[in-house]
Amino acid sequence: MAQDKPRIILRTEGLANPRALKTYIEHAEGYTAIKKVLGGAVTREQLIEEVKASGLRGRGGAGFPTGLKWTFVPQSDTGPKYLICNNDESEPGTFKDRHICTVNPHQVIEGMVLAAFAIKANKGYIYTRWEFQEEIGYLVEAIKEAYAAGFLGKNILGSGFDFDLDHYSGAGAYICGEETGLISSLEGKKGQPKVKPPFPAVSGYLGRPTIVNNTETLANVPWIVNHGAKEFRQYGTEKSPGSKLFSISGALVRPGVYEVPLGYPFERLVQEECGGYLPGRSLQALIPGGASAPLLTPEEVKGLTLDYEAMASRGTMLGSGAIMIIDDRQVLAELLKVTIEFFAHESCGQCTPCREGTGWLNNIMDGVLGGTAKPDSVERMRTVAKHMGGKTICALSDACAMPVTSYVQKFSGQLQAYLAQAAAAGSHVK
Amino acid sequence: MAGVVKVALPPRDTNLFQMAFGYTSTILTGMMKTFAIFWVQITGKEKTETLEWPEQPATYSDRFKGKHFLTRRDDGQVRCTACFLCATACPAECIHIVAGQHPSNEIEKFPVRFEIDILRCVFCGFCEEACPVDAIRLGPEYAMSGLSGDKWIYTKDYLADRGELHGGISSVKVENEKHFTTDHHPHGDDLIATDAPHMRHH
Amino acid sequence: MSEATQGQGQGSVETVTFTLNDREITVPKGTTVMAAARLKDVYIPHFCWHPGLKIAGVCRFCLVKVDNRPKLEIACNLTATPGMKVSSVLPEVKEAHKWALEFHLVNHPLDCPICDQAGECKLQDYYMEVGKYKSEMDRPKVLKPKALDIGSELVLDTERCILCDRCVRFEEEVTKTGALGIFNRGDRAVVGTYPDKKIEHNYQDNLVDICPVGAFTSRDFRFKQRVWFLKDKPAVCPGCSTGCHVDVYAKPQVRSYFRLKPRESAVNGFWMCDKGRNTYKHMNQEQRLRFPLVAEGTAARRKTTVDEALAALVGRLLAANKEDVALLVSAQYTCEEYKALFDLFVVKLGVSKVYQWREPTEDLKAFDGLLYRGDHNPNTRGLSEALKAAGLPSEVKNGFDDLVRQAPPLVIALGPEVAFQFPSLPAQLKQLEQLPFVSLWTIDGAAANYAGLKHLLPMKGFAEKRGHYLNFEAKVGDLADPFPAGSEDARDVTEVVAALSDLFAHSL
Amino acid sequence: MSVFGDGLKAEIEGFLKRYETRRSAILPVLHAIQDVHGWIKPEHIEELHTVYGLDRVHVKEVITFYDIYKDKPVRKFQIRYCKNITCHMLGARPAIARIREHIAALDAAHGEDGAFSLEEFPCLGKCDGAPVMLVNKERVEHATVDKIDQLLTKYAPTVLR
């Protein structure tokens, strides 16, 4: 058995000056993977095969196999191709990519060079949300360092491979975390997702083949190259190999980002890493994968392990690994309103079911909290949520519908009571 | 054919005497009744229902479909939005509307002209039913006779503001309510009961 | 057309066969299910898809079920593959359509009573088709700006808008002006121009046509009629030599015309210009010449009957030498009319002076790149060919000045039908007043203001007669299904010529 | 005469060359303008349209689509307070209420152009520091109601008295 808690991504965490190129090179096998690949020890095909064999799945939320995604780029196409690092991290509850930028940005850059080599892209962008002002500074600094050291730019390490990397800042839109929304934004447009097909791997940024990978996903690649798929597979589960960063927040003693292998027990994460719940608080419900994931009741949390399959079997999802603890002091109706209001605010307004559905749900919740909703509102929310799911260009509509459905299903008693109480009182605190 | 039901023929009268007695007695009974009523009324024992119209006024129910009127907004303008639905529904094609742009964008569309050719009207009430904003109604005025020189085309001003309307009628329907919700019936009883109080006191 | 970009294949013969609603359909490879359905007259409800524009895929209305696929998919972006089984009529699809409509109506103001689109509104159509349900929406709606002045021909109501994006794509892809955008996001999104900027091109009314709801309405048509009172018939626009195929909307019982709309064809695609849309107005009562006006000898000009007017003309023709007669012909009549005219006057009566009546300021080469051409006559080609057939010089040339210079004693002039395309017409009519005798055949009521014109015959408009135009590339535009003439005295040239021939036959 | 200063002009021109298409530069250009001027004025858009060929409709679409861009004047300190789930759970609502009170008091004392403006922001991506707010570009963590007075005083010591 390998280490219980591997350090695959946050390798420089806890060191002095962790972000510096020097630290990365000295303590985390920094830029050895690209030497291996660009030096010719590993061919492009072998690189893709290795990533495929590692079973690395996209860490942005959808969990799509990364190596497979790379193979979608048309090999015959000789024109420009692009690699984009999705550092938009906009799912409420997620802050792991922010943490990587703070701790180990160079590993992302190295991962990007490797991925770019695999898909024959000569230009890359890191797209970061505007709210990460500090981290944008770290990234720009790291890119500069990498250029100076010759790990980016023309003819990297004398291999003849060119890769230019630039940074691009978003401007406050959740939907830019969706890969085609991000591409639209990068094209200087509204961040509206594009209708698929064609998929970005065929026609993405400016109509050229484009691969969009999550920051954490890319940060895994150098380690896989250095240590091999076999060792990677020692961590995690059969279907979800490797380690994963979990952003865990809520009423905990030590909320934060923790790197643990996939399949790690939830209870252990809370007790060991996070130091347990704040005194006097207990679990009322759990959001296991960001605001768009269906809720779990304390019953369902029992024996929960943190991997894609365990989540799926409980009807929810791991998403980007954003765990939010809802403690017993919270009013679920208010949290539901916060969630819906977020999605209604963030809907890009393209597809009708999402634009109108999120707004409608928000409208109903206003009525529930304001004491003006009709008695059948909860049932109505269930119907609206049911019909806005699975019908739109991107998954924002589902992202709003899923938590609503789970709230209504699992906590409808609370909602009904709230409805009755608010109606009786005639009004409610805003 | 299972569906056929056999019905007996009516009995045929064969006895002449029976026939003569039967018919004569019925006629006599009727005449007795007429005479009895005539007697109680002429002696003043019972009030007669006959009105000495037009000296005595006769009032019909509010639901009577008589002369049309146009309801008004709170500020006195006609409610009609010139949607042409009454003209569309009208089987006699007697409603003529010319629509125009209202100075206020709140109202947007209004009738520049609204005319009813009353000679063609069949008082079916379809216009009232078709109206989505409760703007046109058929009132209890029934006396519309006149001379050939009179105006038989009712204009917008006449429909909205003739003497009999006592300064115009407003609808009980909320004015800015453009969208019907599902539980609102534009022709519910609430409207019928209150629409024409003006008509009662004349 | 961009339908080609939606994959209808150009010249390729490769085909795909798939099943749509249990019917086998064979279409060119690469065709989308939506385009295939349209080719085969199967209607899949949609808002944002338009055959003349790129795919947006945002209304999510055209959902169909594909066998063995978990989710419903949009037909407009679904490429047909061999053997695919698609259904647009399954209960589950119908339910999806119902809800798609419900979502479209959530914030729609439902002000159909004052909306000009009512009667041809897709929301209404689909409600009747898939809906007639009780709405679940019981909350206050989002309010947005209404009745905005957004262009010389347009009124915009953002509350009625369903954000289908068609107008934005039209501005970007067809006119390439890009004046429209969708601002803000979520249910606050509104369509509009940049603040204080307006749409300023000759194709504005197409936005009204492609708008599936009443967000864009036409300023010209605004509040004039409800569409269900109108009857439409196909015709060809007489505004320029492109000859766009159109539908004319009229209310025949009151002899009024209300609007033109483009009819899809290879000539004009799906569009037509705003100039062309105005070419119905001259057929309305207040603008047209409704009866003949004739001045006999020195008497004042008076209203008369067609028979009298024709008899008077025949009298003059019989008295005149054929050298004294000249024809002045504008290029706004049909090929059949020209043939009848020249058969009588040139072939039979031997008149050889035939002049073309053209606008002197015209620029024949002008073209806006889309539809509108500098030759503002629908049948320049037809006139040339008729002249050629009659053995006369057929090149396009304005003969008006030559005619005036020569001042022949008897002129028969076929006036332009669309007077507003002839800015010099008032001046030209003044010049004609100076000639000894002009018989002006026209629909233009303004001609009656020229007292010196001694013989005026009312003509039929393009929507009131049968015949053909030949457009700039000699494509045939067919006038096949006429409305009754807006005036009882109005005739087309063929009818006048036939009557004249009869009169000649009787008097000889 | 450019409505942008020389420095900003150079920066804009740099962005226009930096990406594959000019349109891609819209977001960075708007960030740059906003960093200097605080908000994007109509004359900025006009100059971007006429001088730099960035279509005004495209620019306006972007400004209205993204939360960060402002097309109205802003105050000296723009507070963006996260109101999403974790921040809500750990006390965003009372803190926001407290900030509102301060702003109302400041407005009453100093008129409409007080030092602070408040935007309830959808998400700031720092849930482990919840509740979080941004003051201009500076992130402030654990901004609970009891610390608000002290935090605001740090930015505008005089006005708060």
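This is a predicted model: local features need pLDDT of at least 70, side-chain atom pairs count only at pLDDT 80 or more; totals for chains, interfaces and linings use all residues.

Visitor: Let us start with the chains. Which chains share the most contacts?

Guide: Four pairs of chains are in contact, and chains A and D share the most contacts. Chain A puts 40 residues into that contact, and chain D puts in 33.

Visitor: Which elements of chain A give two or more residues to the side that touches chain D?

Guide: There are helices H7 (133-148), H8 (179-186) and H13 (332-346), plus strands E5 (243-250) and E10 (322-327), in chain A. H13(A) gives the largest share, six residues. By class, this side of chain A has 17 nonpolar, 15 polar and eight charged residues.

Visitor: How many residues join chain C to chain D?

Guide: Eight residues of chain C are in contact with seven of chain D. The chain C side has four nonpolar, three polar and one charged residues.

Visitor: What about chain B? How far apart are the closest C-alpha atoms of chain B and chain D?

Guide: They lie 26 Å apart, and no contact joins these two chains. No contact joins chain A and chain B either; their closest C-alpha atoms lie 12 Å apart.

Visitor: How many helices and strands does chain B have?

Guide: Chain B has six helices and five strands. From the N terminus on, the order is α-β-α-β-β-α-β-β-α-α-α. Of its 202 residues, 22% are buried.

Visitor: And how many helices and strands are in chain C?

Guide: Chain C has 13 helices and 22 strands. Its C-alpha atoms fill a box of roughly 85 × 50 × 40 Å along the principal axes. Buried residues make up 51% of its 508 residues.

Visitor: Now helices. How are two packed helices described?

Guide: By the angle between their axes and the distance between the axes. Take H13(A) and helix H14 (residues 352-370) of chain A: their axes come within 9 Å and cross at roughly 150°. Angles over 145 degrees count as roughly antiparallel, so H13(A) and H14(A) are roughly antiparallel to each other. The crossing is left-handed.

Visitor: Which residues of H13(A) and H14(A) meet?

Guide: From H13(A), they include Leu336(A), Ile340(A) and Phe343(A). From H14(A), they include Leu361(A), Met365(A) and Leu369(A). The residues of this contact divide into nine nonpolar, three polar and two charged.

Visitor: Now a pair in chain D. At what angle do H1(D) and H2(D) pack?

Guide: Helix H1 (residues 6-18) of chain D and H2(D) pack at about 165°, with axes 9 Å apart. They are therefore roughly antiparallel to each other. This crossing is right-handed.

Visitor: Which residues meet there?

Guide: H1(D) brings Leu8(D), Glu11(D), Ile12(D) and Phe15(D). On H2(D), they meet Pro28(D), Val29(D), Ala32(D), Ile33(D) and Val36(D). By class, that is eight nonpolar, no polar and one charged.

Visitor: Why do residues three or four places apart in an α-helix point the same way?

Guide: Because an α-helix has 3.6 residues a turn. Look at helix H3 (residues 42-50) of chain D: His44(D), Ile45(D), Glu47(D) and Leu48(D) are buried. They cover an arc of only 165° around the axis, which puts them on the same side of H3(D). On the other side, Glu43(D) and Thr50(D) are exposed.

Visitor: What covers the buried residues of H3(D)?

Guide: The cover includes helix H2 (26-37) and helix H4 (56-65) of chain D.

Visitor: Last, the backbone. Where should I look for cis peptide bonds?

Guide: One cis bond joins Lys196(A) and Pro197(A), with omega about -5°. Another joins Pro197(A) and Pro198(A), with omega about 5°. Pro197(A) is in the loop between H8 and strand E4 (210-214) of chain A.

Visitor: And which phi values stand out?

Guide: Asp165(C) is not a glycine, yet its phi is positive, about 80°. Asp165(C) is in the loop between strand E7 (154-156) and helix H5 (166-174) of chain C.

Visitor: Is Asp165(C) buried or exposed?

Guide: A residue needs 20 or more other C-beta atoms within 10 Å to be buried. Asp165(C) has 23 such neighbours, so Asp165(C) counts as buried. Phe223(C) also has a positive phi, near 65°. Phe223(C) is buried too, with 23 other C-beta atoms within 10 Å.

Key
Residues are numbered from 1 along each chain as its sequence is written. Chains are lettered from A and ligands numbered from 1 in the order in which they are written. Helices (H or I, at least four residues) and strands (E, at least two) are DSSP runs, numbered from the N terminus. Ala, Val, Leu, Ile, Met, Phe, Trp, Tyr, Cys and Pro count as nonpolar, Asp, Glu, Lys and Arg as charged, and the others, Gly among them, as polar. Axes are lines fitted to C-alpha atoms, for helices over the stretch in contact, and angles run from 0 to 180 degrees between N-to-C directions. Angles under 35 degrees count as roughly parallel, over 145 as roughly antiparallel, 65 to 115 as roughly perpendicular and the rest as oblique. A crossing is left-handed if the near helix is turned anticlockwise from the far one by less than a right angle, and right-handed if clockwise. A residue is buried if 20 or more other C-beta atoms lie within 10 Å of its own, exposed if 12 or fewer, and partly exposed in between; C-beta atoms are placed from the backbone. The arc is that of the directions from the helix axis to the C-beta atoms.
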